[in-house]
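Dear colleague,

Please find below the structure that I am handing over to you, with its sequence. My notes on what was found in it come directly after.

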Amino acid sequence: MEEDILKIFVQSVTRYFDTIADGGASFGTPYLGGEPESAGLGFSAVIGITGAYRGNIYYTASREKLHALLPCLGETEPDDRLCAELVGEITNTISGDAREQLGGGFMISTPFILAGGTLAVHTAKHSVCYVLPVTWRQHPSRVLVSLQKSPDTP
Amino acid sequence: MIADQSPAQPAPTRGRRLLAPLVYLSLALLIAAGGYGIWTYTRDLARATDVNNKRINLAGRQRALSQRMTKALLAYDRDTRAQLPANAALGELSKVSGTFNAVIRGFDAGGTVPGTDGKEFLMPAVTDAEEKRIVRDALELWLPLYDRLQEVASGKASAEQLASAVDMARTRNVPIFDLMNDLTNRTEVTARASIASASTPRSVLIAIVSVAVFLIPGLYLWSRARAEGRRARAALGSLETTYAQLSTQSANLATAKAETDRIMETVQEGLMLIDANGIIGEHHSRELLAIFRQDQLAGLSLLNLLQRLLSEKMFNTTKDYFGLLFDANRKEKTVLKVNPLTDIEVNFPNPAGGFIHRYLGFSFRRIMDGDRVARVFVAVRDVTPQIELEKKLREAEKNKDRQLDILVGIVHVPPSELESFARLVETELDTINRTLRAEDFAAASTGAQIEALRERLKGVFRSVHNIKGNAALLQLSYFQKAADAFETKLAELLDHPVLNGDDFLSVVVAQAGLRSDLGDLQDLRAKLGGLRSAPAAHSQAALAPAGGALASQLRKLVEDAARDLVKSTQLNIDDFAVHTVAADRPDLVRDVLIQLARNSLAHSVESPAARVATGKPAAATLTIRGLPPTADGLVGLAFHDDGKGLDLERIRARAEASGLIAPGALVSPDELVSCIFEPGFSTAAQPGAHAGRGMGMDIIKSKVVDEAGGAIEVLSTPGRFCEFRVYLPAPAVAIS
């Protein structure tokens, strides 16, 4: 089950970069997060998940990556504000895709932008945080998935 | 609801009730009688007036008649003397004297007399004394005169008679005239008196009737005024009573409100009233604000609040349910039974990001106004702790079997060994995670990078296989199975010609599963630690030399594996040698011996029947013995079995199939044997629980050669035996 959910995020990120930047996104080996100080890459956004699943979806990317990506969106003068908006948009997009795949019970909040390189990942007890590294044009970014299926969810 | 407390109006008594109509009836009769009286008096007055007027007129005419009579007599006398025709005067004299005579006699005795209007008039006799005197005096003068005049009027009177009559007329004319004049004046006086006397009762009656006419509405109004006054006084008294009652009730209400407010302030439940539009009423409990995380709720729509907190589907259900609540045609009992909000999850936006999810329990009661549902009473409770507890219980129930499996597996394991196993799993999982955190392999488009990913995968495989071997050593079947399932996934990935990062999703998920199992193991260890006695002995065991414990574990491992593989074995261990070599690296030695034992049983030891067929004892003999130190200071252990040894042909075939050696290439036996240390290399037709993944030898090589800097020597005679000699640097700590 968890693997299927992670695949949804992989496909969503791949599709996003296919649409926005003519592809080029590739995934590194996923691993379990647990070191907050190293998870963040400069700009991060988080979306809270409730309903059939609980937890958070994070997307974090370096400034360089975002500056390289923003022109693909027509923003020729990237700045920090646009970078923050972009990580929020990407987080929202992949969470929205997950909602489409997992149904209305997968409730998503609005993106919350987290400033700074340190990313304090909120992980529910007895759950883990999967880190999905994404490289696009040599620029790193990460999708962090920390979800726990609600006990009531069949 | 406040009842109407105004006192009833005092009921009029029966006598009072009858009196008023009687009074009004009497007054009405009085007015009728008075009216009749007035009418009668008016009629009589009119008659009296008419009679009196006629009498006055007749009296007045008498004056004129006396003069006309005298004049006619004198005219007759003159005409007679002059020998002139005197008939006219004679007629006049006859007519006038007759009329005068009739009238004067009428005055005297009453009777019909010729009226002034030519009609007969019934003359009443005079009654007044003065009139009587005048009439009497007049008659005394008149009657003799009338006799003389009658003689003249007959036309037969003599001259003397005529002269006598003239003389008498001349002498009596004035007195008669005066008397008639007096009669006229007196008649006027008596007539006025008569009219006045007749008018007085009529005036009295008019006055009485007038009074009565005005008295009825006056009395009615006075009666009404009195009644209204009484009513007003009664109402005032009633008002005062009501005011006093209201004051009492107000005081009671104030007390009740204060108590209600106190309850609403302190009750640990959200209480409110909503109308048909879902609008929250003015008064609600303070807890409601806390539950909904709002500063103000009165006047807000509960549905709108819930719309922001519930999923779309749940909100639509709730909206429909509110419709049912206010539908008076639906039985309340039935509606309450299908309440969808008994324990609903709501999600409040968290200012710090994400949501705050709580569970709220709603209950409803209708408040009816006649046949209409006027309001609905809503009670809300934050049931999060109860729900969370229930969920935990359900979760615990779900995990019960899994934890029971783990528990059954660990109860027989000494705490020190369990701790050692947990530490090993922790270490291997960390190793796996470090291996997977190779983000630089993300863009693995080149063959080298793919190969590097494969190497990482093999590293993960080694860790999992090691966990599996150690689990088997401690008979932790749950972990053994979990690791085996993990290995299956890894083996599938190793078969992929091209590897991408996202291919590792199953790996990381399996890793998370193992970590979760490890968490459960740690929890159970902690719980068991509290239950188990003699902790000192356990800690002592943890510090004890590894040889003895490891030997017994290995024996058990071999027994179990042999039983699973339907083989028969006997394991001989030189405890001291094992103890010596494992002195400062017990985990490594343990891991190596585990893999050697499992490998031997899986690949070298034959079935009892096959052994017997080749002249061997049915039970294979496995031996672990010490080796003399090498010249370069390595100490060693030998793992020997009397099985069939290495099958070089099969090794070659497998090596060729997997590309380790070229088909038909000239390869020395040593080179062929080295193939068995390649990760994933196995001559087993199918992987099994104990071997066949091709990772055991890889682990041995990795730990002995790569990790410890030792060496491995393999001796084998096909059909006779197989012996692995493991050399390790001498322990840094001397073993006494």
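Confidence

Please bear in mind throughout that this is a predicted model. Its scores are ipTM 0.91 and pTM 0.54. For chain B the average pLDDT is 83, and 91% of the residues score at least 70. Two stretches of chain B call for caution. In residues 1-9 of chain B the pLDDT is below 50, and this stretch has 9 contacts in the model beyond near neighbours in sequence. The pLDDT is also below 50 over residues 533-546 of chain B, a stretch with 12 contacts beyond near neighbours in sequence.

Overall make-up of chain B

Chain B has 736 residues, of which 33% count as buried. Its secondary structure consists of 21 helices and 11 strands. Taking the contacts in chain B between residues at least 6 apart in sequence, 66% join residues at least 24 apart.

Contact between the chains

On the side of chain B, 35 residues are in contact with 28 residues of chain A. Six elements of chain B each supply at least two residues of the side that touches chain A: the helices α7 (312-325), α9 (384-410), α10 (415-436) and α13 (505-531), and the strands β4 (344-349) and β5 (355-369). Of these, α13(B) gives the most, with 9 residues.

The nonpolar cores

The largest nonpolar core has 128 residues, and A:L132 and B:V508 touch the most other members. Domain 3 (397-544) and domain 4 (545-736) of chain B both contribute residues to this core, so it lies between them. Leaving aside residues up to four places away in sequence, A:L132 touches A:L6, A:F9, A:V10, A:F27, A:P30, A:R142, A:V143 and A:V145. Another core lies apart from this one; it has 38 residues, among them B:A72, B:A89, B:V96 and B:M123.

An open sheet in chain B

An open sheet of 5 strands in chain B has the order β7-β8-β9-β11-β10, and its pairing is mixed. At its edges are β7 (569-573) and β10 (711-717) of chain B, each of which pairs on one side only. On average, neighbouring strands of this sheet are turned by 15 degrees against each other, direction ignored.

The pairings of strand β11 can be followed residue by residue. The strands β10(B) and β11 (residues 721-729) of chain B run antiparallel and are joined by 7 bridges. Along this pair, B:A711 stands opposite B:Y727, B:L715 stands opposite B:E723, and B:S716 stands opposite B:C722. The hairpin of β10(B) and β11(B) has 3 residues between the strands, and in it B:G719 takes a positive phi near 85 degrees. The strands β9(B) and β11(B) also run antiparallel, with 8 bridges between them. Here B:Y727 in β11(B) is the bridge partner of B:G636.

Helix α17 (residues 586-604) of chain B lies across β7, β8 (620-627), β9 (634-641) and β11 of chain B, and runs at about 25 degrees to β9(B). Helix α21 (residues 696-707) of chain B packs on the sheet, where it touches β10 and β11 of chain B. The direction of α21 makes about 135 degrees with that of β10(B).

A loop residue

Where is B:V566 placed in chain B? B:V566 belongs to the loop between α15 (546-564) and β7 of chain B. Is B:V566 buried or exposed? B:V566 has 9 other C-beta atoms within 10 Å; a residue counts as exposed if that number is 12 or fewer, so B:V566 is exposed. The C-alpha atom of B:V566 is separated by 8.2 Å from that of B:P608, although the two residues are 42 residues apart along the chain.

With kind regards

Conventions:
Residues are numbered from 1 along each chain as its sequence is written. Chains are lettered from A and ligands numbered from 1 in the order in which they are written. This is a predicted model: local features need pLDDT of at least 70, side-chain atom pairs count only at pLDDT 80 or more; totals for chains, interfaces and linings use all residues. A nonpolar core is a set of buried Ala, Val, Leu, Ile, Met, Phe, Trp, Tyr and Cys residues joined through C-beta atoms within 7 Å. A residue is buried if 20 or more other C-beta atoms lie within 10 Å of its own, exposed if 12 or fewer, and partly exposed in between; C-beta atoms are placed from the backbone. Domain bounds come from an automatic or database domain assignment. Two residues are in contact if their C-beta atoms, placed from the backbone, lie within 7 Å. pLDDT is the predictor's confidence in each residue, from 0 to 100. Two strands pair if DSSP finds at least two bridges between them. Helices (H or I, at least four residues) and strands (E, at least two) are DSSP runs, numbered from the N terminus. Axes are lines fitted to C-alpha atoms, for helices over the stretch in contact, and angles run from 0 to 180 degrees between N-to-C directions.
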